Amino acid sequence: MKAYFARSLCGLALFGWLLVGTVASDGAQINYRPLKSIPIGGEGGWDYLEVDSSAHRLYVSHATKVVVIDTATDTVVGEVADTPGVHGIVVAPDLGRGFTSNGRENKVGIFDVKMLQPIAKVETGGNPDAILYESKRAGVYAFNGRSHSATVIDARTAKVLATIPLGGKPEFAVEDPDRDRIFVNIEDTSELVAIDAARREVVARWPIAPGEEASGLAIDVTHHRLFLGCANKLMVMMDDNTGKVLGSVPIGAGVDACKYDPVTQLAFASCGAGTTTIARADGTDALTVVQTLKTARGARTMALDPATHKIYLSAAEYPPGAAGERRPQPMAGSFKVLVFGPERGEVLKSRPAGEKAN
């Protein structure tokens, strides 16, 4: 992702929400609201968060370590040390391993998810950023921002299997396991590329206009839709078969993450200016904003738990005089994770299994 600290941020309230109704696929209204703030403290920046629903864990990047939170109790239960400049975290539950992209040392770190202890490190290209686990072949993909490439690592043996040139600076990546496709944003060329996971090579390259410089990326594998969070304040919806842009909606400034919930059929775009846009995407060609959730200044990275439908955003507090700064420094000890979720008692129902878009 673009940076550890917030960029181009205006002075906004740290909490609050707009009461705009979100409609589930059964017609029920869903309203997202703040649920909790989990204090973490310490100093340094942050980037990705990663949810492991089955283990009730949230992994949070923070400077040179990964903070581990129990999502059942919303408490910090441990940390993974020695991850200099960590950007992303991904977990392979079938192997009992986790992987971090350590941007400052150009390596992927491997750790034991039970003991939270390091196992090994693997050399990558320059500044590995996004990271993805492809479970079918137990492959870990580290997307190297400075080298414009992806390093593919065998998750079992920690050996490098391939280096894939991408033709530009990669940002986030997602997988469609049924189709053996991995999709990744190429930020500096305003494109999206498709990688054949079996052949480990780029097989398609698509422009994202009217979007520009996409960072966030999410996927609806049932309806073959991609959601791109773009720097020009748009979330773009794209057909992942053809690369056709189907629609777009306005979002806030400084987007860095997108998520999609297959049960509620909601797409999320978290923006550093202090809002998360929630749009309805029900498998048709329509994308409609249904809620603009006020979050916090600098809360641009996000994870979603598909089991609870909660979203988690990293944030911190800033000095009052830093409102006009391009990259303000957060106040020491103020780092935290904000938790948002549906109103209590709302029923979340999915589209019938197997139902596709027309």
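1. A cavity is, on a 1 Å grid over the protein atoms alone, a set of points where a 1.4 Å probe fits but cannot get out, and lining residues have an atom within 4 Å of a point. Grid points are joined across faces, edges and corners, and a volume is the space filled by probe spheres set on the points. By this rule there are two cavities of 30 Å³ or more.

2. This is a predicted model: local features need pLDDT of at least 70, side-chain atom pairs count only at pLDDT 80 or more, and totals for chains, interfaces and linings use all residues. Residues are numbered from 1 along each chain as its sequence is written, and side-chain values use heavy atoms, with hydrogens and water left out.

3. The largest cavity has a volume of about 60 Å³. Its lining includes V80, D82, T100, I110, F111 and K121. At least two lining residues come from each of β9 (97-102), β10 (107-112) and β11 (117-123). The lining of the largest cavity divides into six nonpolar, four polar and two charged residues (Ala, Val, Leu, Ile, Met, Phe, Trp, Tyr, Cys and Pro count as nonpolar, Asp, Glu, Lys and Arg as charged, and the others, Gly among them, as polar).

4. The protein has zero helices and 30 strands (DSSP runs, H or I of at least four residues for helices and E of at least two for strands, numbered from the N terminus). Of its 358 residues, 58% are buried (under 20% relative accessible area, 1.4 Å probe, protein chains only). Among contacts (heavy atoms within 4.5 Å) with a separation of 6 or more, 48% are between residues 24 or more positions apart.

5. Strand β24 (residues 255-261) is mostly covered, with seven of its seven residues buried. It runs antiparallel to β25 (residues 266-271), and six bridges join the two (strands pair if DSSP finds at least two bridges between them). V255 of the pair stands opposite C271 in β25. Four residues lie between the strands of this hairpin, where Q265 takes a positive phi near 60°.

6. S149 belongs to strand β14 (residues 149-154) and is buried, at a relative accessible area of 6%. Leaving aside neighbours within four places in sequence, S149 is in contact with residues including A142, F143, N144, T163 and P170.

7. V290, in strand β27 (residues 288-294), is buried as well, with a relative accessible area of 10%. The C-alpha atoms of V290 and I278 are 5.9 Å apart, and the two residues are twelve apart along the chain.

Methods:
Buried < 20%, exposed > 50% of the residue type's maximum accessible area, 1.4 Å probe, protein only. 1 Å grid on protein atoms, 1.4 Å probe; cavity = no way out; pocket = protein on both sides within 12 Å on 5 of 7 lines; lining within 4 Å.
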